[in-house]
Amino acid sequence: MKYLLIALVAGLLFIPFLGAVHLFDWDEINFAEAAREMIVSHNYSQVQIDFRPFWEKPPLFIWMQTGSMLLFGVNDFAARLPNAIIGIATLVSLFAIGKKLVDEKMGMWWALVYAGSWLPHFYFKSGIIDPTFNFFIFLAIYFAYRIAHSAKSYRMAILSGFFLGLAVLTKGPVAILVSMLTLLVYFLWNKFRIGIKLAHLGLIALFASITTLLWFGYEILAHGWWFVNEFVAYQIRLLTTEDAGHGGPFLYHWIVLIIGCFPASIFLFTYIRDRKKSIYNQPAATEQKDFKVWMWVLFWVVLILFSIVKTKIVHYSSLCYFPLSFLAANQVYKLAEGRVRMRGWNIALLLFIGIVLGIAIALLPLVGVYKDMLIPYIGDKFAVANLQAQVSWSAAEASYGLAYVLLVIISAILLIKRKISKGLICLFVSTILVIQVTVVHFVPKIERYSQGAAIDFFISMQGKDVYVKALGYHSYAQHYYTREQPHANKNYYNTDWLLNGQIDKPAYFICRITDSEEYIHHPNLEVIGEKNGFVFMKRKS
């Protein structure tokens, strides 16, 4: 019954309003467009963008989106639905694993901690690959851990290999890299003593290979090695070079996790000087302590690996959400049971980050209301133009952020007064509620500033037999929101031909205002509009 209850609550949290805001360029639109092109081209084995091979991702998540679009139509709701379903499966799985490790309370706390933290919750309402990948790789590692503690160890190895294969089919060889590094570090930490035999490793490798070969093998047999070779080459380049201008400092992901995983991240600091007795009862204590070691190892492997990787994007460290949420729930459970205490500086840190987040939310509508006062101090021409978007704001909307500040303060007071369970529930439930308000109320308004005018332009081109091209910046929206069909004339891929050649149908262009000087004076282009930082042009007859 509790499994069904958790699934229903998760469904209410993650499914409603999935289509309330347009998909965001790049990643969300990128994957949705690949799914749409599978449907249009009837080529379900190769990922394509602009009806050309796309090397960056394998197809599993794209297949999930394709299935959703076949059921619900090509729209933003369908593109995000797979992650919402994964979110439901995730919370149910966390409850089940927590219950097996300790008891039902631990399972409930773990599910609440995960759902009640900002980025872990938010990503289940998105259309990016990472929540699905993270779920599969976490299950692969969980079943690898179970090998040493189950009478059905070979079955655990098979399941570990199966989910590892699904992870590879979702995001590529990085799944193997993370798994191997986790196993290696765990092996070293335990001084070369682990309960996984060579036969188990062989089964993991075998079933991971069988699973991945369902796609890789078919591709090689049907189309040769070229697609697979290009795919692997891209994955190597992604790990070794800074991609798409997404660089950042070494501590980038550390900051992302502390702030983005609030309030769960605060409870990691309670491990400092925590020498209290284990929450686990004998004789299962060894098994449960071992799982905590696996989670610490996974956390540090992912955090350090993606701190080293040149490309820095927020969701690259999102696999940390699973171990981080478990380690936080472990301490939350002990706090609720009175087996550990939060120090003053832990509560002070909770207050500081919570109040900063609340103030940031409160400032959003105030920026919208008083934007004319702020614009003179903004040096970015494109940002200034974005702010010209007509978005309705009220100063009263700042109350959402201020309410969050108040609830964080109330939670802290309850924790100080040793009303631990009430304080913890207030903290995580209030965060869930404010996340919902942010997603439904604020995100659509922010989207109007960042890309709304461009999306409107692309949508206006739906159903027209025209060329549409973004100039000076990279976008997938020009394909997805125009509902682009394959063009018979392959010169279309040549921007110079579109600008200067003998085109065979009307061509429309969009650029950012910061790049417009190069194009508005082009002899073959005429400006047909400008809105919120975007300039719209048409090829002259």
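Is Cys-261 buried or exposed, and what is its relative accessible area? Cys-261 is buried, with a relative accessible area of 0%. The legends below describe close-up views of a predicted model.

**Figure 1. A nonpolar patch on the surface.** The patch is formed by Phe-250, Leu-251, Ile-255, Ile-258, Ile-259, Trp-300, Ile-304 and Ile-308, which together have about 710 Å² of accessible area. At least two residues of the patch come from helix 12 (252-260), and at least two from helix 13 (285-308). Ile-255, one of the patch residues, is found in helix 12. Its relative accessible area is 48%, and Ile-255 is thus partly exposed.

**Figure 2. The buried face of helix 12.** His-253, Val-256, Leu-257 and Gly-260 are buried in this helix. Seen down the helix axis, the buried residues fall within an arc of 95 degrees, so they line one face of helix 12. An α-helix has 3.6 residues a turn, so residues three or four places apart point the same way.

Figure 3. With a relative accessibility of 4%, Ser-516 counts as buried. When neighbours within four places in sequence are left aside, Ser-516 is in contact with Cys-511 and Val-535.

**Figure 4. The salt bridge between Arg-80 and Glu-28.** The structure holds ten salt bridges. In the one shown here, the side chains of Arg-80 and Glu-28 meet at 2.8 Å, N to O. Arg-80 lies in helix 4 (residues 76-101) and Glu-28 in helix 2 (residues 27-41), so the pair ties together parts that are 52 residues apart in sequence. Arg-80 is buried, with a relative accessible area of 2%, and Glu-28 also counts as buried, at 6%.

**Figure 5. The salt bridge between Lys-105 and Glu-337.** The two side chains meet at 3.7 Å, N to O. This pair links distant parts of the chain, 232 residues apart: Lys-105 is in helix 5 (residues 104-115), whereas Glu-337 is in the loop between helix 14 (321-336) and helix 15 (344-369). Glu-337 counts as partly exposed, at 32% relative accessibility.

**Figure 6. The salt bridge between Asp-130 and Lys-171.** The side chains of Asp-130 and Lys-171 meet at 2.5 Å, N to O. Asp-130 lies in helix 7 (residues 130-147) and Lys-171 in helix 8 (residues 153-171), so the pair ties together parts that are 41 residues apart in sequence. Asp-130 is buried, with a relative accessible area of 3%. Lys-171 is buried too, at 11%. Elsewhere, salt bridges that share partners join Lys-2, Lys-99 and Glu-104 into one network.

Definitions and conventions:
Residues numbered from 1 in each chain as written. Predicted model: local features only at pLDDT ≥ 70, side-chain atom pairs only at ≥ 80, totals over all residues. Heavy atoms only, no water. Patch = residues over 30% accessible without salt bridge, like charges linked within 9 Å, V, L, I, M, F, W, Y side chains within 5 Å. Areas by Shrake-Rupley, 256 points an atom, 1.4 Å probe, with all protein chains shown as cover. Salt bridge = Lys/Arg side-chain N within 4 Å of Asp/Glu carboxyl O. Helix = DSSP H or I, 4+ residues; strand = E, 2+ residues; numbered from the N terminus. Buried < 20%, exposed > 50% of the residue type's maximum accessible area, 1.4 Å probe, protein only. Arc of directions from axis to C-beta. Contact = heavy atoms within 4.5 Å.
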